[in-house]
Each structure stands twice: as C-alpha cells, then as structure tokens.
Amino acid sequence: MSAPARCPALLVAAPASGQGKTTVTAALARLYTRKGLKVRVFKCGPDFLDPHWHQLASGAPVHQLDLWMTGEADCTQRLHAAAQEADLLLIEGVMGLFDGDPSAADLAQRFGVPVLAVVDASAMAGTFGALAFGLQHYRPGLPWAGVLANRVGSVRHADMLRSGLRAPEDWLGALMRVTASADAGAARSAGALLPERHLGLVAAHELSDSQQRLDAAADALEATPLGQMTAQELQRWAVDFPAPVHLPAVPALLAGRTVAVARDAAFCFIYDANIRLLEQMGARVVFFSPLQDTALPACDAVWLPGGYPELHTAQIAANTGMQASLRAHVAAGKALWAECGGMMALMESITLADGSTAPLWGLLPGHVTLHKRLAALGPQQVDVAGYTLRGHTFHYSTSDSSAPVVARTARPGEAPAPAAGEALYRQGSLHASYFHAWFPSSPEAAAHLLGGVPA
C-alpha cells in the first residue's frame, strides 16, 4: 500500500443552506488558481450544479464525496489521488455543517479536514461569535480552520463581528454585502455571484459572464486574511490523506458497446464519475443534444440524465426527429435509461407551474405536473437485477404513469414499500425513474440499465 498524501485542505461549511458556501468555495478556487496553485475541488453530497462553478474556477473535474452514496473507500481513493497532485484541496459542504446522515461534519472528522465556517452575518453582531463557537465545539474533536463572515454591511460591522469571537485567530475575514446602489462591477462581488432557479443554482456554462463573476468574487476574497495567505501559510491546514486499500477492478460489462449520453441545456445533471465508470466498463461514450440533434448517434444504449426539460418543452415537442429516433431505438430492443428530467421528457405531457400544459415525447404513458415546492429530496437506493444501486432524489414535479413498476427506491437502511420512494418503470428495453443513480456504487446495476448485463 502506498504512503499517505499530504496536502492543505479545507471543508467549506455553514450553519445552514443559503449562507454562501458555493460562492466562497468557487472564489477560493479561482483566487488560488490565479496565484498559480493547483486546486482540486470536491462537493459533499449529491449535487450537479455547484460543481459547474467549481470546475470553471479550478480548471479541473469536480467529484462528489459522500460517506454513504459514494462510500468511504471511494472518498479515500479520490482524496488521496487529488492530494498527490494538488497544492490545495477544497470540499464544499452540504446544507448545514451537522445536517444529514452522513453530514459534512462526518466527512471532515473522518478525514481530518479543517472546517472553514461561512456565516451570513447580515443580521447579527455579537451573536456571530456565539454561532462560530457553537459550530467549532458542538462536536468534540472537529477539525477547525476558522470563520468567514459573509454579507457584511460595513467595516464597522466587520469589526463588531470580529470582536465577538472568543478566539481572535478564528477570524478569516469578511465579504461585504452588495447594496441596491452598487455599480455593475460591485454587484458582481461575492455576494451576488450565483443566480438561482427552482432546482438550485444556474449552471456556470449557462451564463456568458461566468468567468467575470468568478474573478469578481476572487477579488473580493483577496482582501481578506484568508485570501492573502501564501502557499506556505496554507500548510497550517495540511492533512495526511490515507492511501486507499486495494479496490477491485471494474468489470468490463459494457465492452464493445457505445453509450449515447444526452448533454445540453435541458439534460445536464451528469456525475463525471458516472461517465468515467462507463468508460472503465469498456463503453465508448458519445454525447448528443436532444434539443438540437434530429436523431440519435449510432449507439447500443442511451442515457437521458436529469436537467430542465420543463424550461424547454416547446423545443422538445418540436423535435419530432429525435422523438422518432428514440422510439426506433426502443422498438429495436436497445436499452434506454432515463432519470428524473430524462424520464419527464419521455412522458406524454406536462403541466407547468403557470398552469399551462405542454406535450412531450410520449414514449412513456403518463403526465407530469410541476409544483412550486419540492416533491421529494434525499438519499435513495434501488434494487436492479439483484444489485443495489445508490443515489438520490430531488425534484419539484410529480408524475402519474401506467407504465409497469419493477422496483421502488428506499431510504438508506429501509426496505422498499408500495407507494413509497420512487418508482422504477420498465417498458420493454426502457427503464425510467426520478432516481438519480451513482453508477460506481454498483457497476453491475448500471450496466444492466444500459443493456450490458442479461436480465
């Protein structure tokens, strides 16, 4: 077994969602990449959108870390590999520091990664110190780096926040709040970096000024004690990441097969690790755009990932060439795996949030209804051909379909139950579900969905 890999690392966490974790993580990655450091970024928990920003900021692929979904062995391998080549590792937490099971704090404690707490201090003063103290000491032995105040109103406000800390060395700086009177440049400071929509952040590749937004956030962070640290000073947060134990070889279950993966503005929720696993199983991966292309590329299997089909219903319905190509693919008995937004696009119609109804491709019987509130959220697992595939669910719509249900997802540690979890539909060679799959959790199950393993 190889030796541990040593590298400075921070887990960027917060007391709750919406405090600015993604902004600070992306700004840190951009700032230290600009300084010439090799930065590698990870996202704690299932997330498709934040990694777009972190990849743009760092110039390197971003992977997920989750002690349940991806597993401790996978986390160990990815962190050790990144630490061998990087000057700084950043891990963006999920929700609040102690929220979820496993939580971001669990990950920090398992690998000894110091926690950088980002706190929205816009409506507090002395309580900032109490909150920082509580985050640091709530769980004994939690590795700790310090606290960064976000959305601060003024220099005087920052001084009040800093004076409330029990340990002055915990202060890593303040990012100022953007005011309504700010000019266009200031409006792109750290406080207004990332626009949102109903499923979360707008992906970086959808904005023409994404790089400028990142640079503005990095500029704001550079004025803080955290942003002014040298590579040598970052060594105070160096972590020895253990070498992974020997991992079994990935079976070549898709050898000689071509898998066509949808990737465009409507279908963009793709784990990079899923693509890598398909290739490790021997597949040739090709990408196509269901919005722009009028036919599938030559392939043996199709994966329609999640995304935003509800924002592109007119284009989806108008692309009758792609609709016919997908029908022909399934009629030929070729595998099609559709998850969440991919499944929605295969239904007959959708009722949008404004009450209007739009047609879809109609490969699956049924109707989708979009809601203004979350319909489901959380980790899930499902049995596929006798193998357990892990992943998660996160959607604002519900569906009503008469397609045959061959399995249902369940929460970790629970057994599947009728009418609970997410349905896994199967109609011929087509499998579909709201469930977002983490393929590396079971290469056999993933290969089965893509026609590589006999039923």
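Which ring does the charged end of R110 sit over?

## Charges over rings

The ring is that of F111, and the charged end of R110 sits over it at 4.6 Å from the ring centre. This value, like the others in this report, comes from a predicted model.

R263 also has its charged end over a ring, in this case that of F287, with 3.6 Å to the ring centre.

## Aromatic pairs

A pair of aromatic rings is described by the distance of the centres and the angle of the planes. Searching the whole structure gives nine aromatic pairs. In the pair of F267 and W361, the ring centres are 6.4 Å apart and the planes meet at 10°, so the pair is stacked, the limit for stacking being under 30 degrees. F267 belongs to strand β12 (residues 267–269), while W361 is in the loop between β18 (357–359) and β19 (367–370); the pair therefore ties together parts that are 94 residues apart in sequence. F267 counts as buried because its relative accessibility is 0%. W361 is buried as well, with a relative accessible area of 1%.

F394 and Y396 make an edge-to-face pair, because their planes are at 70° with the ring centres 6.2 Å apart. F394 is partly exposed, at 24% relative accessible area, whereas Y396 is buried, at 16%. The two residues fall on either side of the 20% limit, under which a residue counts as buried.

## An aromatic cluster

Five residues are to be named here. F48, F269, Y271, Y308 and W438 form one aromatic cluster.

Strands of a sheet pair through backbone hydrogen bonds, either parallel or antiparallel.

Strand β21 (residues 387–395) runs antiparallel to β20 and is joined to it by nine bridges. Among the residues involved, Q380 has G391 of β21 as its bridge partner.

Key. Residues numbered from 1 in each chain as written. Predicted model: local features only at pLDDT ≥ 70, side-chain atom pairs only at ≥ 80, totals over all residues. Heavy atoms only, no water. Phe/Tyr/Trp six-rings, centres within 6.5 Å; stacked < 30°, edge-to-face > 60°. Helix = DSSP H or I, 4+ residues; strand = E, 2+ residues; numbered from the N terminus. Buried < 20%, exposed > 50% of the residue type's maximum accessible area, 1.4 Å probe, protein only. Lys NZ or Arg CZ within 6 Å of the ring centre and 35° of its normal. Pairing = 2+ DSSP bridges.
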